[in-house]
Amino acid sequence: MKKIVLTGGGTAGHVTPNIALLPRLLESSYQVSYIGSYQGIEKDLIQAANIPYYGISSGKLRRYLDLKNLSDPFKVIKGLGQAIRLLHKLKPDIVFSKGGFVSVPVVLAARFCRIPVIIHESDITPGLANKIAIPAARKVCCNFPETLKYLPKEKAVLTGSPIRQELLSGDAESARSYCHFTSEKPVLLVIGGSTGSKVINDAIRSQLSVLLQKYQIIHLCGKGNVDAGHAGTAGYAQYEYISTQLKDMFALADVVISRAGANAICELLALHKPNILIPLSAAASRGDQILNANSFQKQGFSYVIKEEDLTADTLQTAISNVFEQKDLYIAAMSKSGQLDSIQTIFQLIEKELAS
């Protein structure tokens with residue numbers, strides 16, 4: 001039996017592509033283990049998939065001044081030692097990393113143990129964790145053609161993002177019942193990322209009374225962000241986070257409002273869902289979501305609102321525009337020629353094991 005260790009975490013976007021690969025690996029008799037952080041979102045998601053999970057110490061690699069920059073390198077060093085011991089114990093044939101800070105000690109440990117590594121970069125430009133990991137990798141998978149120029153030519157492979165296949169088989173009526181919605185109004189699905197977005201949450205709630213005149217709204221607002229003042233509002237269903245019902249909510253949604261994390265927007269592309277992207281601002285990030293959103297806008301897949309331009313008027317204009325032209329967005333996404341990412345990555349893994 002071939003053994004593989006998956007790693008990645010910090011946000012759902014660093015975990016869901018690994019989850020998407022699981023069925024293909026398991027049906028090919030791979031023994032799968034997962035290394036993540038002690039209490040990151042990846043722990044619950046992977047344990048729910050009944051995959052053996054091992055937590056290690058991980059420190060965040062920051063680009064800005066913070067007192068934790070003094071202590072976190074020691075956490076990374078501790079995590080490296082833990083990862084080396086785990087890899088000696090698990091004896092995997094290969095490691096697949098989706099990135100995030102917890103993946104750094106795992107990838108470096110695999111290099112130390114002479115275990116081949118394949119990593120996946122979701123965004124147009126590599127994040128800091130993957131920049132550190134790339135020298136240790138045999139291959140680097142990516143989502144966007146624009147990313148290839150940022151990667152070593154001999155390692156770069158355009159694969160697209162692995163999409164959880166269950167998302168493609170949602171039941172709209174199941175979501176309608178779950179949310180206590182009627183069939184009389186279209187549905188707007190709002191996703192602020194796995195940790196939520198205060199900017200998007202505030203924008204939606206400030207316009208709730210106006211929006212609910214035309215639409216029903218499913219609002220995934222992030223942990224601790226449910227607004228008790230709007231609890232029980234007819235046509236408005238708010239949740240911190242949704243897992244098993246997400247496929248049904250996607251099926252029910254006519255238009256999706258989302259951040260522009262690479263995995264999230266690739267799921268929207270696979271589902272052919274007309275969407276409005278509100279990327280995280282450059283002031284609060286390295287600007288990767290802005291690049292992702294601009295790429296999708298140029299291809300006709302998305303309507304984009306800059307976070308600093310988000311107002312009641314721009315939100316209303318965007319929603320009206322996308323609803324009126326949703327057939328055009330669906331047609332553009334249908335012609336995208338999206339790659340069979342799961343099979344492409346699986347073949348890369350098999351090829352590395354055979355070499």
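Biologist: Which residue in β12 stands opposite Ser258?
Modeller: That's Leu277. Bear in mind that this is a predicted model, where local features need pLDDT of at least 70, side-chain atom pairs count only at pLDDT 80 or more, and totals for chains, interfaces and linings use all residues. Residues are numbered from 1 along each chain as its sequence is written, and side-chain values use heavy atoms, with hydrogens and water left out.

Biologist: What makes β11 and strand β12 count as a pair?
Modeller: Two strands pair if DSSP finds at least two bridges between them. β11 and β12 (residues 275-277) have three bridges, in the parallel sense, so they qualify as a pair. The strand names come from DSSP too: a strand is a run of E of at least two residues, a helix a run of H or I of at least four, and both are numbered from the N terminus.

Biologist: What is the order of the strands in the open sheet of six?
Modeller: It goes β10-β9-β8-β11-β12-β13, with parallel pairing. β8 (residues 187-191) pairs with β9 (residues 216-220) over five bridges, and with β11 over four. Val190 stands opposite His219 in β9 and opposite Ile257 in β11. Further out, β9 and β10 are joined by four bridges, with Ile217 opposite Tyr236.

Biologist: Why do β10 and β13 stand at the edges?
Modeller: β10 (236-239) and β13 (302-304) each have a single partner strand, so one side of each is left without a neighbour in the sheet.

Biologist: What makes residues of β11 and β10 buried?
Modeller: Buried means under 20% relative accessible area, exposed means over 50%, and partly exposed is in between, using a 1.4 Å probe and protein chains only. In β11, Val255 and Ile257 point one way, Val256 and Ser258 the other, and all are buried. In β10, Tyr236 and Gln238 face one way, Ala237 and Tyr239 the other, and all of these are buried too. So each of these residues falls under the 20% cut-off.

Biologist: What makes you say that helix α7 packs on the sheet?
Modeller: Contact means heavy atoms within 4.5 Å, and α7 (residues 198-206) touches β8, β9, β10 and β11 (255-258). Its direction makes about 160° with that of β9; angles run from 0 to 180 degrees between N-to-C directions, with axes fitted to C-alpha atoms, for helices over the stretch in contact. Ile200, Asn201, Ala203, Ile204 and Arg205 of α7 are buried. What covers them includes α8 (208-211) and α12 (312-324).

Biologist: Why does Lys91 count as exposed?
Modeller: Lys91 comes out at 56%, so it is over the 50% cut-off. It lies in the loop between α3 (68-90) and β4.

Biologist: What makes the second largest pocket a pocket, and what is its volume?
Modeller: On a 1 Å grid over the protein atoms alone, a pocket is an open set of points with protein on both sides within 12 Å along at least five of seven lines, whereas a cavity is a set where a 1.4 Å probe fits but cannot get out. Volume is the space filled by probe spheres set on the points, which are joined across faces, edges and corners. Here that gives about 600 Å³.

Biologist: Which residues line the second largest pocket nearest its centre?
Modeller: Ile41, Leu45, Tyr241, Ile242 and Ser243, out of 23 lining residues; a lining residue has an atom within 4 Å of a point. α2 gives the largest share, four residues.
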